[in-house]
Amino acid sequence: MRSEAEYNDYLRKCIRCSFCQPVCPLFAELREESTLARAKVRLAKDFSVGKLQQTVRLKELFSLCLDCRACESVCPANIPVHEIVQEMRGKLQNVSSPDKKLYKTAGAVLTRPRLARSLASTIITIGNKLNRGGNFSLTKKVVPLARQAGEVFPSITEVPFLKGLKRSNQAEDTDQKKKVGYFVGCATNYFYPHVAQAAVKVLGKNGYHVLIPHETICCGLPLYSGGEHQSARKLAAQVIEQFQDLKAEVIVTDCAGCSLHLKEYGRLWPDIPGSVEFSSRIQDISWFIVQEKLKTGPYPVPWNVTYHDPCHLGRAQGIYAEPRQVLTGIKGLNLIEMEESNRCCGGSGLFSLTKPELSTRVLARKLQNIKKTGTGLVATSCPSCRIQLERGIKHQVVEQVVHPVELMAKTWDEGVNK
Ligand code: SF4
Ligand code: SF4
């Protein structure tokens, strides 16, 4: 965590050059100065010296940010805008707002893994059985927020990854020295268990014994981004403890948001025992595949695919080449680059839920860029982006969204059709 002096120093560094204006996806839609990084830095500075009070309006202004970090990539003063936004969201956490209840409830539930698990199973029962297919049609009548959730989120799987997991993840070419931990994010576990299955398959085929905790604990990013810093801290401590027994030198994850936040534990909470060491063990799965020179299977995957860079993997972690190397390493797969592949899709965790109209407007430009590639198969390395991009299926722009590791796993399947 930065010291207060360092934080305040950044607030004074803005030279109001406007470089952050043309790259901000929210400014492109709203044309309002208040959406810009320089406005946020100015507001935070005024707040820090007592010129501004905790108000609903101020909270609303700081909710208008996708954490896409496009502004940071062009800022000549190297201002860590995301840290300023998150710091302010934390300071304004108790100000009343439409999403306050959402974050408070999420904090109360997620920090109690057993409660989270039984709630998820209740939602599965109500959503998937009573509502036939889990599109939240009954639930949304009961819970207003579920209306938007039903629009945005896919069905929760009836068999989350961890529930269906065979406990022995023995490597196929057993070499017990090769062990790797695997962090299963909530979205992967509950929405996309086949991504986790693909990850375990690729690792297993390459001789790794995959160590997986028995329970999913949220990495805490949605809560941290929403200003619920204390709840996020509790989750970080739980996750670190959970992995302490697993004894894996490296922990991979297929979720860009999770890997980013898990890598941040040591910086945010150096006082949590083991946090710095834990963060140093985290790797994105595509990064791991490339660094460790993992092999593909024998069969081709003769498809055209385009790739969307998650902001939390590309700009935030500098990982652009590796997912592409995974894709181009697959025999028969043809990668067609889209324009502005690293422009934010507008998903941004819960932003699509709390700011649905604006999120949809940001998505529209991404869908245009996908359409121009001529392929409906989109690969991306983040389940939050995936949820957002899958909304393009309704618009008949996107046919399917996949994780690169899913395509890699297909190289062991004979007869993948053209
Ligand atoms: S790019 Fe950086 S220095 Fe320039 S106006 Fe934006 S926040 Fe300020
Ligand atoms: S992080 Fe993205 S949305 Fe937020 S101010 Fe910067 S460019 Fe705009």
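Close-up 1. The shell around ligand 2 divides into 11 nonpolar, no polar and two charged residues. Here Ala, Val, Leu, Ile, Met, Phe, Trp, Tyr, Cys and Pro count as nonpolar, Asp, Glu, Lys and Arg as charged, and the others, Gly among them, as polar. Of the 13 residues around ligand 2, those that come nearest are Cys 24, Cys 65, Leu 66, Cys 68 and Cys 71; a residue is near a molecule if its C-beta atom, placed from the backbone, lies within 6 Å of it. Two or more residues of this shell come from each of α2 (25-30) and α5 (70-74). Helices (H or I, at least four residues) and strands (E, at least two) are DSSP runs, numbered from the N terminus. The model is predicted, with pLDDT of at least 70 needed for local features and 80 or more for side-chain atom pairs, while totals for chains, interfaces and linings use all residues. Residues are numbered from 1 along each chain as its sequence is written, and chains are lettered from A and ligands numbered from 1 in the order in which they are written.

Close-up 2. Cys 14, Cys 17, Cys 20, Arg 38 and Cys 75 come nearest of the 16 residues around ligand 1. By class, the shell has 13 nonpolar, one polar and two charged residues. At least two of its residues are supplied by each of α3 and α5, and α3 gives the most, with three residues.

**Close-up 3. Packing of α3 on α6.** Helix α3 (residues 37-48) and helix α6 (residues 81-91) have axes that come within 10 Å and cross at roughly 45°. Axes are lines fitted to C-alpha atoms, for helices over the stretch in contact, and angles run from 0 to 180 degrees between N-to-C directions. α3 and α6 are therefore oblique to each other; angles under 35 degrees count as roughly parallel, over 145 as roughly antiparallel, 65 to 115 as roughly perpendicular and the rest as oblique. Their crossing is left-handed, a term for a near helix turned anticlockwise from the far one by less than a right angle, with clockwise counted as right-handed. From α3, Ala 37, Lys 40, Val 41, Ala 44 and Phe 47 meet Val 81, Ile 84, Val 85 and Met 88 of α6. Two residues are in contact if their C-beta atoms, placed from the backbone, lie within 7 Å. This contact has eight nonpolar, no polar and one charged residues.

**Close-up 4. The open sheet β2-β1-β3-β4.** Four strands in this order form an open sheet with parallel pairing; two strands pair if DSSP finds at least two bridges between them. Its edge strands, β2 (209-211) and β4 (282-284), each pair on one side only. Neighbouring strands are turned by 40° against each other on average, direction ignored. Three bridges link β1 and β2 in the parallel sense, and Val 180 stands opposite Val 210 in β2. Strand β1 (residues 179-182) is joined to strand β3 (residues 251-253) by two bridges. In β3, Ile 251 is the bridge partner of Gly 181 and Val 252 that of Tyr 182. Helix α16 (residues 256-268) lies across β3 and β4, at about 155° to β4.

**Close-up 5. The open sheet β6-β5-β7-β8.** This sheet has four strands in the order named, with parallel pairing. The edge strands β6 (334-335) and β8 (400-402) each pair on one side only. Strand β5 (residues 304-308) pairs with strand β7 (residues 377-380) over three bridges, and Val 378 in β7 is the bridge partner of Thr 306. Helix α20 (residues 321-328) packs on the sheet and touches β5, β6 and β7, its direction making about 170° with that of β5.
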